[in-house]
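Reader: I am new to this structure and would like to learn how to read its features one at a time. Could you take me through them slowly, with the general idea before the case?

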Protein chains: 2
Amino acid sequence: MKSVPLKRTRKAENKPSEKPQNEDVLLRRIRRALQTTHSAAPQLPLNIGDDAALFKPSPGYETVLTCDWFLQGTHFLLDRHPPYAVGWKCLARAASDLAAMGAEPRCFLLSLALPLAKTSDWLDEFLRGLRTASRKLQCPAAGGDTTRQDEVLINITVVGECKRGRAVLRSGARPGDAIFVSGRLGEAEYGLRLMQKHDDSIDPKDFRLTKHLYPQPRLRVASWLANRQLVTAMMDLSDGLSSDLPRLCTASNVGARIAEASVPCVRLAEPDAKKFDPLFLALHGGDDYELLFTVAPKHAASIPRKIAGVNLTRIGEITAQRNVVVLIDRANHRLSLPARGWNPFRSNP
Amino acid sequence: MKSVPLKRTRKAENKPSEKPQNEDVLLRRIRRALQTTHSAAPQLPLNIGDDAALFKPSPGYETVLTCDWFLQGTHFLLDRHPPYAVGWKCLARAASDLAAMGAEPRCFLLSLALPLAKTSDWLDEFLRGLRTASRKLQCPAAGGDTTRQDEVLINITVVGECKRGRAVLRSGARPGDAIFVSGRLGEAEYGLRLMQKHDDSIDPKDFRLTKHLYPQPRLRVASWLANRQLVTAMMDLSDGLSSDLPRLCTASNVGARIAEASVPCVRLAEPDAKKFDPLFLALHGGDDYELLFTVAPKHAASIPRKIAGVNLTRIGEITAQRNVVVLIDRANHRLSLPARGWNPFRSNP
């Protein structure tokens, strides 16, 4: 066979057909980094790389689907956030949406757009972090899409399952229900502000940054609660309590009253105690990925203080006053709680 | 109740809690535009707007999942492509990945990042195009994620189903199989080049742009073929025949020989006949979203000339020479077919 290129083709494109195409090479690297064995992914009958991914649903379960942006400049800083942490966090925060429904993750799709300059070391570290999260969360990669772009853009789709009819919605809270949160609030915001304050001088391994860089979706807590049908409504705290609690109230057509003294606030390290207000961080800080859930009065006492090592704290009650969210301060004053959490479309941030 | 803001909050953030949050307002608009009735989306038990979407899988089916970037500057031009067409195309091309597997679409998730300036008229028109595609393809919206960004970024996840074990992969082609394509190739590239050539002077309603702006995923053709188990391998032509056929060959561990005279090329309108080469457009043009599929010799005669109004054309045979893709020209010369289709990571485009 004469291996000549088509006569009519343009010269600039005249490359031998044997030369591997860059996009395909990149896809193979991603596939290799994220590929799992069949025993680790029994519901994925197909390797990554066909036109679409296949998923075998479990009988008696519903499929739970979520997708989540993670964008350079908006959600992380390319020069400040370690690529390993970017890889971890993009999957962890998407999986948190499944926890919010009481669902268990099954697989994910990665959509990745990145500049040529980031296709080497940066990509390797990113994939290492993503793979670590994927194993930890038992959520193998099923497929994805890759393209080139000037900035690093990530979108993660996570597929999960929950028993039929058992998904916990935001809309089930009723007046009188007790309001709980998991963990301590404001820890992620504390880390973010330290990073912003210290420019390059803070070590990404500093323990105060852990929650900001490596959030833990509360999957075990959520499935414990969902399996026992103890909660009436649940969501994850991604934008901050002052933004997310009103959303739960709107969905449930109720209001809420929380007690300042009950909110489990971030504990500040000694030198930071004068610089930050823990209550402000706890009420308005985003990115904690803790759970916010409500429990009927008769079940409130059945909620343990800890599940899987994570504290659960009662912070208030659901009220009948639609969309009115009230904070009772330590002097017993009723204050309205304005939303000040993360909102990308706020006009004066 | 005293409606005073928290004492410790910063002044710049001091806004009354009654003021609707912009992101929530935007989400409501998107939800309203894309919401469907329960009868139009029987497998979606939940309205858009909870932490994640719920999907009820059909017994005896597998779930098919794909995600697809559609990015300003890379996949469309904000000042040239009508937002209605952007809305149509982002869903149509993602659904084409399901056609490639022989699957039927069930629902989609929209991830949308956009600048504040595009949240008004542009968004309305985009949603109108997306809704039209959603209805036409019987693929209702299940959920999504929205954020703010300087450029318009779109990622679409489409969820489909195919009967258990019936998904058509890229890897099933065997030497001797006949190679077919649907439709005419190069039509989308023709439209793209006209747009590039004419700057603002070409009317987006010009019929020559139709395939570029409003591609039609070949869902009916694909499910006809898959249901009869007539095809051994299938994929959609998104990057061009010269890029995609080698991918099918690699996945199947085979080679291919196609005949120039058999390739159904784009028909050029009279004034363009001297400016473009239809064969070049057909071999290397991307974005057609036609089907490429292979058929065992004994079934080749069972493939009709048309399915659902779409022509099917036999263009060559699968060979045993791994990864060798050959074009037989009209003078009966064997030429290697170098990949020149769309590849975002090509270093010298």
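Reader: How many aromatic pairs are there over all chains?

Author: Please keep in mind that this is a predicted model. Rings are paired here if their centres lie within 6.5 Å, and by this rule the count over all chains comes to 13 aromatic pairs. One of them is formed by A:Trp88 and A:Tyr214, whose ring centres are 6.4 Å apart and whose planes stand at 70 degrees, so the pair is edge-to-face.

Reader: Which parts of chain A does the pair of A:Trp88 and A:Tyr214 tie together?

Author: A:Trp88 belongs to helix α2 of chain A, while A:Tyr214 sits in the loop between α5 (210-213) and α6 (219-227), so the pair joins parts that are 126 residues apart in sequence. A:Tyr84, A:Trp88 and A:Tyr214 together form one aromatic cluster.

Reader: Is A:Trp88 buried or exposed?

Author: A residue is called buried when its relative accessible area is under 20%. A:Trp88 has a relative accessible area of 6%, and therefore is buried, whereas A:Tyr214, at 22% relative accessibility, counts as partly exposed. In chain B, B:Tyr84 and B:Tyr214 form an aromatic pair that is tilted, with 6.1 Å from centre to centre and 55 degrees between the planes. That pair links distant parts of the chain, since B:Tyr84 lies in helix α2 (residues 83-101) of chain B and B:Tyr214 in the loop between α5 (210-213) and α6 (219-227) of chain B, 130 residues apart. B:Tyr214 is partly exposed, with a relative accessible area of 23%.

Reader: What describes two packed helices?

Author: Two packed helices are described by the angle between their axes and by the distance between those axes. In chain A, the axes of helix α2 (residues 83-101) and helix α3 (residues 121-136) come within 6 Å and cross at roughly 40 degrees. The two helices α2(A) and α3(A) are therefore oblique to each other, and their crossing is right-handed.

Reader: Which residues of α2(A) and α3(A) meet?

Author: From α2(A) the residues include A:Tyr84, A:Trp88 and A:Leu91, and from α3(A) they include A:Trp122, A:Phe126 and A:Leu130. By class, the residues of this contact of α2(A) with α3(A) divide into ten nonpolar, four polar and three charged.

Reader: At what angle do helix α1 and helix α3 of chain B pack?

Author: Helix α1 (residues 22-34) and helix α3 (residues 121-136) of chain B pack at an angle of about 35 degrees, and their axes are 9 Å apart. The crossing of α1(B) and α3(B) is right-handed. Among the residues that make the contact are B:Leu26, B:Ile30 and B:Ala33 of α1(B), together with B:Leu123, B:Leu127 and B:Arg131 of α3(B). Sorted by class, the contact of α1(B) with α3(B) has seven nonpolar, no polar and three charged residues.

Reader: Where does B:Phe76 lie?

Author: B:Phe76 is found in the loop between β2 (61-71) and α2 of chain B, and at 2% relative accessibility B:Phe76 counts as buried. Leaving aside residues up to four places away in sequence, B:Phe76 touches several residues, including B:His81, B:Val86, B:Trp122 and B:Ile154.

Reader: How many helices and strands does chain A have?

Author: Chain A has eight helices and 13 strands. Of the 349 residues in chain A, buried residues make up 60%. Among contacts in chain A with a separation of 6 or more, 83% are accounted for by residues 24 or more positions apart.

Definitions and conventions: Residues numbered from 1 in each chain as written. Chains lettered and ligands numbered in written order. Predicted model: local features only at pLDDT ≥ 70, side-chain atom pairs only at ≥ 80, totals over all residues. Heavy atoms only, no water. Axes fitted to C-alpha atoms, helices over the stretch in contact; angles between N-to-C directions. Helix = DSSP H or I, 4+ residues; strand = E, 2+ residues; numbered from the N terminus. Parallel < 35°, antiparallel > 145°, perpendicular 65-115°, else oblique. Left-handed = near helix turned anticlockwise from the far one by under 90°. Contact = heavy atoms within 4.5 Å. Nonpolar A, V, L, I, M, F, W, Y, C, P; charged D, E, K, R; others polar. Phe/Tyr/Trp six-rings, centres within 6.5 Å; stacked < 30°, edge-to-face > 60°. Buried < 20%, exposed > 50% of the residue type's maximum accessible area, 1.4 Å probe, protein only.
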